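Hi,

Here is the structure I promised to pass on to you. Have a look at it first, and then read my notes below.

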Amino acid sequence: MRSVYVLNGPNLGRLGTREPDVYGAETFADLAALCRDTGRELGLSVDVRQTDDEAEMIAWLHEAADGRIPVVLNPAAFTHYSYALRDAIAQRTAPLVEVHISNPAAREEFRHTSVVAAVASGTIAGFGLRSYVLALRAIAESA
């Protein structure tokens, strides 16, 4: 069974209570279960992680690159300014799909720029938690 990391950045551990009008009422536990269930349907072993720490996220991306492990990544706020994260993603050795629950292009101006998009395989945004399902399907089909 092919392994996939689903990595989530800052504040995503607070899903369900964080701006439910933007991010919905589902919790991070709901997201993790959805990703694992989707993975099983697709023949993928899904490891879901969340951190508020940029250094930890970079270490996970290095781990994925070293292991040739595909990644579904919601960089959250790191999307807009973390060149360190961008440089870690550029070292990828397997598909990496950037995901967002909301559509950053339809939100505040500062959210319109992704410094990581250019080094990702693709980006899926604006479909709620379904963005993760679509990303996992893209990875499964890229094998």
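Of the contacts in the chain (heavy atoms within 4.5 Å) between residues at least 6 apart in sequence, 77% join residues at least 24 apart. Please keep in mind that this is a predicted model, in which local features need pLDDT of at least 70 and side-chain atom pairs count only at pLDDT 80 or more, while totals for chains, interfaces and linings use all residues. Residues are numbered from 1 along each chain as its sequence is written, and side-chain values use heavy atoms, with hydrogens and water left out.

The chain has five helices and five strands, taken as DSSP runs (helices H or I, at least four residues; strands E, at least two) and numbered from the N terminus. Their order from the N terminus is β-α-α-β-α-β-α-β-β-α. Buried residues (under 20% relative accessible area, with exposed meaning over 50% and partly exposed in between; 1.4 Å probe, protein chains only) account for 46% of the 143 residues.

Phe28, Leu31, Ala32, Cys35, Thr38 and Gly39 of α2 are buried. They lie on the same side of α2, because they cover an arc of only 135 degrees around the axis, judged by the directions from the helix axis to the C-beta atoms. The buried residues of α2 pack against β1 (2–8), β2 (44–50) and α5 (130–142). On the other side of α2, Ala29, Arg40 and Glu41 are exposed. After α2 comes Gly43, with a positive phi near 75 degrees.

Best wishes
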